[in-house]
Structures are given as C-alpha cells and as structure tokens.
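Dear colleague,

Please find below the structure that I am handing over to you. My findings follow directly after it.

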Amino acid sequence: MQGGTLNGGNNMSKLIKLLDKIVHCMYNISAALLAVAAVLVFYQVFTRFILGESAVWSEVSARAVIIWSVFLVLGPAIRYNRMIPIEAIRSVIPSTKLIWLIRAVNIAIFVVLLVLIWFGYKMTLRVVDQQVAMMNISVAWLYAALPIGSLVAIPGLFLANYDAETKHRNPSESPK
Amino acid sequence: MNLALALSLIIFFTVSIPVAISIALASIFGITFFSNLPLLVVPQKMFTGLDSFPLMAVPFFILAGNLMTRGGVSHRLVDFAKSVVGGMQGGLASTTVIACMIFAAISGSSVATTFAIGSILIPAMVRHGYPVSLAASIQASSAELGVIIPPSVPLILFAVSTETSITQLFLAGIGPGFLVSIALIVMVQIWCRTKGYGKDDSNERMPLVPSFLHAFWALLMPAIILGGIYGGIFTPTEAAAVAVFYALFLGLFIYKEMSFSDLPEIFRTTAITSGAVMLIISAASLFSFLVSLSGMPNAIGAWAQTTFSASWSFLLAINALLFFVGMFVETSAAILVLAPILTPVAISFGVDPVHFGTVVVVNLALGMFTPPLGVNLFAAAQVADIQVQRMFKSLIVPVGTVICMLLVITYVPQVSLFLRDLLS
C-alpha cells in the first residue's frame, strides 16, 4: 500500500490525510445530527405543553435526522473499530496470521457496503415520487442516507485496513 | 434457507466480522442463494427497521447517560448510596449495588453504569482492603442492573422487535431490578462478613440529609423520566429527549462540572456508540423479515410444542439457550435476532410476552458479566486495571446468585407483572 518512491510515499500520506478528514467530517456531522434530533423531539414536547398542540413535522424530521446520523457514523465506526465484533478468535490465532483474518473481515464489510451503495441507490430512485407523510418532501431524501452513508464509509474501511497493514509490517509502531 | 441463515450467521460471528455486518451479510447470502427475492429488500428493510419513533429512545437514553456521567452526577449518587448503606461492614460493596441501582434508573446501559460508578467505587474498595478482583467482580455484576431497571436499551429493543409495549416492559423491569439488587446486597454482606472484608467502610461517610440534598437534582431525574412516562405526560422517546436536556441543564448550570466545550466529544462518543447499536437494529430487521418469511418461528414453535410438555420445561430450555448465547453474543444482537423467533413460541405456551421480555433481558444481562465474554467484565477490568481472567474465580458467587434470581423471575411471573397489573 505504501509507495515505493519518496514521491509515492508523499502522495500516500496526502491521500491518508484526505481520507482521515472525510471520516472526521462525517463523525462531526453525525454528532451534530444527533443533537438536532434531540432538539426536535424536545421541541415537540415543548409545543405540546406550551402551545397546546404538537408540531406535526418534528417527529418525522427527527426520524429522518437520526437515520442520517446512524448511516454517516458507519465510516467512523469502522475506522475506530466500534462496530462491535465478537473478537474471541482474534486472541487465539497467532499474531502473524491475524492480518489475513482482518483482511477477510474487511472484504466482508466491503461487500455489504457495495450492496448498500448500489441497491440503496436503486431503491432511492424507486421511491423518488413517494412523499413523506405530513411533510412535502420525497422519501428519497431519507432513503439516500443508506447509499451515501455507505459510500462515505469506504474511506473509513480503507484507513482501518491501512492501519492494520502498517501495524502488521511494523509491529513495534502503533498506527495513529 | 433457515439453516443457511443460522449457519452463516454463526460462522460470520465466529470469524469476528462486526455484528451488524454479519447479520446483513448472512441475509444477503440467504437472499442471493436461497430465495427469489431481489437484493432491493436489503436497503428497504434496513431502512424501515430504523424508521421508528420508539426506537429513537435508544440514542437519547445513551446520550442522557453520557451527559450525566460527565456532568458530575455519578459521584453525588455514590455519596448518597454510601450514606444509606455504607455504615455497616461491607458498606462499600453494598454502596456499589445501590449506586448502580440508582444510576440504572437514569442510564439505559450497563457499560455506562460500570464506568460511571466503577471508576469511583472500585478504587475506593481497593483502598479499604478489598481484593481488586473482588471489587471489579462486584462492580461488573451490579452494573447489570443498568439494563434491568428502566430506562433500558435492551428492554426497548425487545419491545420494538416483538411489538410489545415499551411502557409495560419498563414497568415489568422494576420488580426484577429490585429483586436482583436485594439478592446482590445479601450476597456481598454474607461475603464480607465471612471473609472479613470492609470492616472500616463507614469512614468518610456523609450524613444522610446533606448527601440527599447534595444529590437531589440527580435523584429527581428517575422521577421525571418514569413519572413522565407513567403519568401519560410523554412517550418513552420524548422522556429520553427531556432527560437529555435535563442532564445538560444539570451539568452546565447546576453542578457546573461540564462546559460547552465538552459537548462535541460527548455527542461524538454517543453518535458512534448508539450508531453501532442502531446499525445492528437495522440489519436485524432485515434478518427477522427473512426469518419470518422462511417460517422459522412456526417450525420452532411446532417442534417446541412436541418436545416440551409444559411451559416450565420450555422456559428452562429457553433460559439455558439464552445463557449460552449470552456468554458469547452481544446483547442487542441476541435480542434482535432471537426475540422475534422465540416470543411467538413463548406466547403459544401461555407465557405473557411482557414477562418473557424481562426473562430474556435478565438472562442476557447475566451474560454481560459471565466469562468468557461480557461487556461489563471488560469495562470493570479496564477500570480496575487488571486482566479479565483474574476476575473469573470471584465471579462464581455473583453469577450463581443472579441465576437463582433469574429462576425466581422466570417461575414467579408476578415479580415482573404485579406493577403492570396494579396500574392497569
């Protein structure tokens, strides 16, 4: 994965920085959306008590915001190994063979991401004409969270694999 | 397709593919090779699984728990619990149980409870002469109360995946929560008195009234959450959002132990923790769609009806199965995959689904501190800075105690249902 020449190495580190920025950006957007969803639901309670009737759009929009938050955090969750694996096998196989297991796991994640990107995209196109209840927008805006979240998760997967490869080649240096 | 789904899921879990990805991949595998369905159902079912208002209580309760932990609530609750039960021998061990019990009524997660309470009480117990492995084991086992006492993320997941009422399940969690708490207190008391631990635990203890006033605003939180839900003032999801704002208000303006600059990190941590759980929910709704399409619940139901003569033997077998699964599989995944399959079978044996929900959650909560794999074990070992293996021996008694209580909860449905029946 690392370039053979100095120039190649530089390009690689630029790419890593760029991908890291994408993952961080998604992490921040996801956290902000979670905050927005909490505000929307709190607003719903507030309107019911203070104004006497709840806003019809707050519940629907809070659901949409949470769906986007969940799929945008997919990349950071893969990148920082927060996807909750059952890791028993990793402690029993020799450390030199571990990289093959990690590669296989990452390929499995990649397959699922590809299915979500392609079929999520097709599903999004299919529902373009359907409207979200109580709101005058297309359901496609909600469905789009799946293909887009999965697409921007690929940098997270690439970096997780890159870290594992680096650690495998230089066991003494722990990656960033 | 049944066998293909089950086998591929077990293989993917075993080779350490993340839980959500394993479930999605097993479903993709089942759809591609064992059905005529198009792969379009993958995004469709994963989307509809998440598009649910009750489910949004999950990220909000996790967020409220994280804000409470950072905002200075945990040490106030510990001081209060210590002033209640800390005066006797083994008072610190009993304080751990009581503090976890109160914190459980704020937080929906047992790992959050382990970190919040354990980071204060494990070092305190060690200072008072408890062996570190024992202190960590008491903490890991008490923290399971986090998911039994409402609000509870696993109870919400059971409710959503089996279309049972969250409100009724929350009510049903209170009785078992108290029962397990009392059993754990009796256990630590006998343990401390026979082994001679915790003789000077009553030192550095605040009197009851000042400690109550000190923790008053934190203690008000369970009253707001549960009172609001059962008073019909708001839904569980709205209660969770109110809890978030109450926790923010306490941390920022009353206790002033949190600043605005702490918030981005708390929101990021919550987004990733709750996002990982929500992705499992999303994948599991696809999986349970395929499972119900393949007729697995009916097949298992028919098999169970011929194999088990009565509900008691069925419940015993279910408990054995869940205990085994809980030792290895993450709780959310176990609930989301198994509850939709097992609940209809339990109903056919005349078991109330709300009662069944508490049995499932108490059993899987037991798995959280049963070796070899348990999230509370790893969290407590991390706080205590010891290897997980060192805790194994001292976990035998807590695991045995909770198994006894699980049997009581299983065979005396009133423990779970009396509050619901009383209030309905």
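B:C404 is partly exposed, with a relative accessible area of 45%. Please note that this is a predicted model. The cysteine sulfur closest to that of B:C404 belongs to B:C192 and lies 19 Å away, which is too far for a bond.

B:C192, for its part, is buried, because its relative accessibility is 1%. Its sulfur has the sulfur of B:C100 as the closest cysteine partner, but the separation is 15 Å, so a bond between them is ruled out by distance. A search of the whole structure, over all chains, returns zero disulfides.

I turn next to the interface between the chains. In this model, 52 residues of chain A are in contact with 53 residues of chain B. Between them, chain B and chain A bury an area of about 4800 Å², and carbon and sulfur atoms give 82% of it. On the side of chain B, three residues supply more than any other three: B:L40, B:F47 and B:I272 account for 15% of the area that chain B buries against chain A.

How many cavities of 30 Å³ or more does the structure hold? There are two cavities that reach this volume.

The largest cavity contains about 60 Å³ of space. From chain A, its lining includes A:L74, A:M83, A:V112 and A:L116, while chain B contributes B:A20, B:I21, B:A24, B:M46 and B:L279. Two elements give two or more residues to this lining, namely α5 (95–126) of chain A and α2 (19–34) of chain B. Of these, α2(B) provides the largest share, with three residues. In terms of residue class, the lining has nine nonpolar residues, with no polar and no charged ones.

The second largest cavity holds about 30 Å³ of space. It too is lined by residues of both chains: A:L34, A:I66, A:S69 and A:V70 from chain A, together with B:P59, B:A271, B:S274 and B:G275 from chain B. Here α2 (56–72) of chain A and α15 (263–293) of chain B each supply at least two of the lining residues. By class, this lining divides into five nonpolar and three polar residues, with no charged residue.

Yours sincerely

Note on methods. Residues are numbered from 1 along each chain as its sequence is written. Chains are lettered from A and ligands numbered from 1 in the order in which they are written. This is a predicted model: local features need pLDDT of at least 70, side-chain atom pairs count only at pLDDT 80 or more; totals for chains, interfaces and linings use all residues. Side-chain values use heavy atoms; hydrogens and water are left out. On a 1 Å grid over the protein atoms alone, a cavity is a set of points where a 1.4 Å probe fits but cannot get out, and a pocket is an open set with protein on both sides within 12 Å along at least five of seven lines; lining residues have an atom within 4 Å of a point. Grid points are joined across faces, edges and corners, and a volume is the space filled by probe spheres set on the points. Helices (H or I, at least four residues) and strands (E, at least two) are DSSP runs, numbered from the N terminus. Ala, Val, Leu, Ile, Met, Phe, Trp, Tyr, Cys and Pro count as nonpolar, Asp, Glu, Lys and Arg as charged, and the others, Gly among them, as polar. A disulfide is a pair of cysteine sulfur atoms within 2.5 Å. Buried means under 20% relative accessible area, exposed over 50%, partly exposed in between (1.4 Å probe, protein chains only). Contact means heavy atoms within 4.5 Å. Buried area is the accessible area (1.4 Å probe) that two parts lose on being put together, summed over both.
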